Amino acid sequence: MLLITGITGHTGKYFLRELITNKYEGQIRCIVRKTSDTTLLDNSGLNFEKVVGDLEDEEFVQKAMRGVDTVMHISGILQTPNVIRAAVKANVERGIFVHTTGIYSKFKSASDEYKKIEHELDKLINQEQVNIKITILRPTMIYGDLCDLNMSKFIKMVDTLRLFPVINHGSCLIQPVNARDLGKAYFQVLGMKKEQSKHEYVLSGKKPISMINAFRLISDNLGKKTIFVSFPLGIGVLIARTLKLCTLGKVDYIERVQRMGEDRSFPHKDAITDFGYNPMTFEEGIKIEVDQYLNIK
């Protein structure tokens, strides 16, 4: 049995569409929340069952893990400890965990927590008599729909502001990945024999792009004539700290501004070689999202 977490989320729904398109025949158990929209799942025609609960509830997760041989954990790295502990107790054979390239950031305050979680994961799977095969998938900046937490905000900002601020001339490199490509990649990894998969794969976009060129593409797709104004990273961080102070911590963009000066491009060579990963270009992907924005607007 395949256990899936996060199947109604941003990338989970595209994984679900791959299961439907490819007529997945195995038995599936999906962990969902009471508030989850399960319409697509309910009409999927797949052999599935839903269990409603919270991944923070360790007892619930252990019950959900009974009879499972493979776990596809999409909900996020913060829920990994409960999921992996339950998987080890249930003698699950394989676990595919969607984590993040944020673990590599020198600025991200959460990176220490990410490292701690993965260290705990390593300790658990390296115990004697633990035979679970783990594969970690590391998406870069995820975009593709207006529900994303990345490009959707930039689209609204570019649409609203005639003068658009950038850090260090927008020269840092990013490599955003479209949620559609992640759904396909999850399915491709699931289809691999567990012995053939590596311990981890980076899942990034087709190629790196500078922040300024990404913003220009957004502006062009919106039909805007945006003027980009560059600020040194130090000034940007100072403004963000001031904003946080003035709002008593309610608006905190410090880390986000810091990362504007950090390259976030990561190669995905292993994914290409091992399962034919072939993501779309940012030019293709951002047009889809901007078109969504314009249709709603």
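Axes here are lines fitted to C-alpha atoms, for helices over the stretch in contact, and angles between N-to-C directions run from 0 to 180 degrees. The model is predicted. Two packed helices are described by the angle between their axes and the distance between the axes.

In this model, helix α8 spans residues 211–222 and helix α12 spans residues 282–296. They pack at an angle of about 45°, and their axes lie 10 Å apart. That angle makes α8 oblique to α12. The crossing of α8 past α12 is right-handed. On the α8 side, the contact is made by Ala-214, Leu-217, Ile-218, Asn-221 and Leu-222. On the α12 side, Phe-282, Glu-283, Ile-286, Lys-287, Val-290, Tyr-293 and Leu-294 take part. By class, the contact has nine nonpolar residues, one polar residue and two charged residues.

Lys-287 of α12 belongs to the contact with α8. Lys-287 also forms a salt bridge with Asp-291, with the closest N and O atoms 2.9 Å apart. The two residues are four apart in helix α12, so about one helical turn separates them.

How accessible is Asp-291? Its relative accessible area is 29%, so Asp-291 is partly exposed. Lys-287 has 41% relative accessibility and also counts as partly exposed. Elsewhere, salt bridges that share partners join Glu-58, Arg-85 and Glu-120 into one network.

The whole structure holds eleven salt bridges. One of them pairs Glu-118 with Arg-138. Their closest N and O atoms are 2.7 Å apart. This pair links distant parts of the chain, 20 residues apart. Glu-118 sits in helix α5 (residues 111–125), and Arg-138 sits in strand β6 (residues 133–139). The cut-off for buried is under 20%.

A further salt bridge joins Lys-198 to Asp-274, with the closest N and O atoms 2.8 Å apart. Lys-198 has a relative accessible area of 35% and is partly exposed. Asp-274, at 24% relative accessibility, also counts as partly exposed.

## A mostly covered helix: α4

Helix α4 covers residues 80–89 and is mostly covered. Eight of its ten residues are buried. These are Thr-80, Pro-81, Asn-82, Val-83, Ile-84, Ala-86, Ala-87 and Val-88.

What covers the buried residues of α4? The cover includes α3 (58–64), β4 (70–73), β5 (94–98), α5 and β6. Helix α5 and strand β6 also carry the partners Glu-118 and Arg-138.

Most residues other than glycine have a negative phi. Asn-91 has a positive phi of about 60° although it is not a glycine. Asn-91 is exposed, with a relative accessible area of 61%.

His-169 also has a positive phi, near 65°. His-169 lies in the loop between β8 (163–167) and β9 (173–174). With a relative accessible area of 60%, His-169 is exposed. The cut-off for exposed is over 50%.

How values were computed
Residues numbered from 1 in each chain as written. Predicted model: local features only at pLDDT ≥ 70, side-chain atom pairs only at ≥ 80, totals over all residues. Heavy atoms only, no water. Parallel < 35°, antiparallel > 145°, perpendicular 65-115°, else oblique. Left-handed = near helix turned anticlockwise from the far one by under 90°. Contact = heavy atoms within 4.5 Å. Nonpolar A, V, L, I, M, F, W, Y, C, P; charged D, E, K, R; others polar. Salt bridge = Lys/Arg side-chain N within 4 Å of Asp/Glu carboxyl O. Buried < 20%, exposed > 50% of the residue type's maximum accessible area, 1.4 Å probe, protein only.
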